[in-house]
Amino acid sequence: MTLEPGLRGATWGQVEGLLARGWSSGVLQDALQMLAEGVTSRVGFAVATIQVLRSTDEFETVAVAGSPEASAQLLGTFRPRSSFEHDLALAEDWGSLRFVSHDRLAPEEDDLGWVPDLVPVAGPNAWHPLDLLFAPLHGESGKVIGSLCVDLPTDGLRPGPERRRELARYVVQCARAVDALLQRDRLTERVRLADAAREVVRAASSQFTPARIVAECEEQLRRTFDARGMWIQALDDFGDGPAALHTPVGMEVHLDEDLSRIAVAAARRGWQEQRVGIVSPSRAPTSLVTVEQHARIQAFLSGLGLSSVMFVPLGAGPECLGNLVLARRDGDPAWSDVECAAALEIGHDLGRALLNARLFEQERRLSEELKALDGYKSQLLATVSHELKNPLTGIVGHLELLEGADVGEAGPSIAAVHRNTLRIRRLVDDLLLLARSSDPGRRAQREPVDLREVVEDAVELLSVQATVGGLEIVVVAPDTPVCTSGDPTDLERICANLLGNAVKYSPDGGTITLTLDHGPEPDTVTLVCEDQGIGIAPEEQEHLWTEFFRSSDPAAEKQVGTGLGLAIVARIVERHGGSIDVSSELGRGSRFRVTLPAC
Ligand code: ADP
């Protein structure tokens, strides 16, 4: 074999300089290559290789110095850790170096996949083509992180103490460089996973059901973790019911009760201890599952064509909310530590998304219950009001008959009964109206209505009351129709209630202006009722649309009322697809504006 002419041998200073310059992959690659070349040219070997132990438990050859054939054949190749262990077991301990004499290897053994073409020199210390000399490289924690292998001493002899010492100096530097390379790779991986995690969170956080979360995040999770399959198990609100399994479309997974229980218990423990669990044929069971459970899960996985899973607990705060399972097949790489840490992070974010989905579901259920309750309330109101209406009509009729009769001293009492009965009748009428306008089962009548006619009718209805109160009513309306589509009786009710209130709450007279117009938004019409009455305090304005709300202002309390008028108005406006707002100032007056769709 021939040696590469002009082999470059790096000085320590050059390597130090390179390592100090930073961790770009090019710099580290150069440093490793320089070290390998330093070994060949300065220590005197024809071939030197540096290997890095990857998270897949394989040694990858990352630098080769020496012959181009060796480089072409070895660079970028992988050898299993078991083969390294095997050599280690056979090797003689030469301090930081390990030597395996050819006669200790079985003849067919050829771990490097490359046997140099060498005729051994004579003598007891002659180097044999199948001799192995290597050094395990250790990281700061003492774990093996790589290996430096040399071959073909240039003098044809097994190295003596002097050369071994020199080689040992390179071992230290190689370990440093490989450690830096691994750290940089971990960092790059971490950044990649962190970016991917952000994507997952973005997709998950806008989803409102666990099934949607799975659908949205599946692709990103699979891509990020090179996973062949995934699913999420979500615990129910109380954490004691069956945990629902959510799988992506096209992935059929069925967990029987026993497996589901194992998964839930492991998720709880995992969340508590803040760690993921791995079930894989090449790993011992983690503390999250027992040995039997581990075997049971593996049998289950092989039924799905999978071989290993990373089991990620999902939660928020102290509460475990479920688990995410990421699965791989036979031959896929092992789960790396960086992946485990990133998955645990994602478990927090997915946990929050699950919590949101749970809250959303609770809110939806509550809103449905409230809607049902509301329907029941409307029905109850309608029935009770209806039942009260007939006897009331009878009472009022009899009281009216008594009006002309001689009742002697009972006169004032009968008048009081009459007054109060009319009040109750007003309340019952309002309750019936409220029930009618809130009834979701009632189909709204729809016909084009010119609001100018509606306003006219309301003004006519209240003109006597207004005149008695010293009020002037001004109507401002265009000459052309101001049309909306709806129920004429309901629309009249809106106008009559607003105008009635304006009259009622303007005890000192003044002007009430009713303005009809188009806009301001396109395809809308507006009705504005403005008075110069007592006004409404700002803190009370938002409650005006609530049933039975009455102002605590003594000036308002003086007036007879049920607190139902504006609630009815708001319901009718809502049913017509419109909106209502108020602006008011105490002592200066109020302005109610109703906006309805134009037709
Ligand atoms: P009612 O008038 O029967 O009490 P409403 O629902 O029509 O019930 O009105 C609710 C409350 O809003 C009234 O009690 C009153 O305090 C206040 N209010 C409504 N309209 C006006 C107005 N134009 N000016 C001042 N206060 C008003």
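Predicted model: local features only at pLDDT ≥ 70, side-chain atom pairs only at ≥ 80, totals over all residues.
Biologist: Is S101 buried or exposed?
Modeller: The relative accessible area of S101 is 5%. Buried means under 20%. S101 is therefore buried.

Biologist: Leaving aside neighbours within four places in sequence, what is S101 in contact with, and which side chain makes a polar contact with the side chain of S101?
Modeller: With those neighbours set aside, S101 is in contact with D131 and R158. A polar contact at 3.3 Å joins the side chain of S101 to another side chain. That partner is R158.

Biologist: Where is L152 found, and what is its phi?
Modeller: L152 is found in strand β7 (residues 144-153). L152 is not a glycine, yet its phi is positive. The value is about 55 degrees.

Biologist: Is L152 buried or exposed?
Modeller: Its relative accessible area is 4%. The cut-off for buried is under 20%, so L152 is buried.
That puts the answer for L152 at buried.

Biologist: Where does D226 lie, and what is its phi?
Modeller: D226 lies in the loop between α6 (210-225) and β8 (229-234). D226 is not a glycine either, and its phi is positive. The phi of D226 is about 45 degrees.

Biologist: Which accessibility class does D226 fall in?
Modeller: D226 has 47% relative accessibility. Buried means under 20% and exposed means over 50%. D226 therefore counts as partly exposed.

Biologist: At what angle do the axes of α7 and α8 cross, and what does that make the two helices to each other?
Modeller: Helix α7 covers residues 257-273 and helix α8 covers residues 291-303. Their axes come within 11 Å and cross at roughly 120 degrees. Angles of 65 to 115 degrees count as roughly perpendicular, and over 145 as roughly antiparallel. The helices α7 and α8 are therefore oblique.

Biologist: What is the handedness of the crossing of α7 and α8, and which residues make the contact?
Modeller: α7 passes α8 in a left-handed crossing. From α7, the contact uses D258, L259 and I262. From α8, the residues are Q293, R296, I297 and F300.

Biologist: How many residues of each class are in the contact of α7 with α8?
Modeller: The classes are nonpolar, polar and charged. Two residues are charged and one is polar. The nonpolar residues number four.

Biologist: Where is Q445 found, and what is its relative accessible area?
Modeller: Q445 is found in the loop between α10 (411-438) and β13 (447-450). Q445 is partly exposed. Its relative accessible area is 39%.

Key
Residues numbered from 1 in each chain as written. Heavy atoms only, no water. Axes fitted to C-alpha atoms, helices over the stretch in contact; angles between N-to-C directions. Helix = DSSP H or I, 4+ residues; strand = E, 2+ residues; numbered from the N terminus. Parallel < 35°, antiparallel > 145°, perpendicular 65-115°, else oblique. Left-handed = near helix turned anticlockwise from the far one by under 90°. Contact = heavy atoms within 4.5 Å. Nonpolar A, V, L, I, M, F, W, Y, C, P; charged D, E, K, R; others polar. Buried < 20%, exposed > 50% of the residue type's maximum accessible area, 1.4 Å probe, protein only. Polar contact = N/O pair within 3.5 Å; in protein donor to acceptor, adjacent residues only side chain to side chain.
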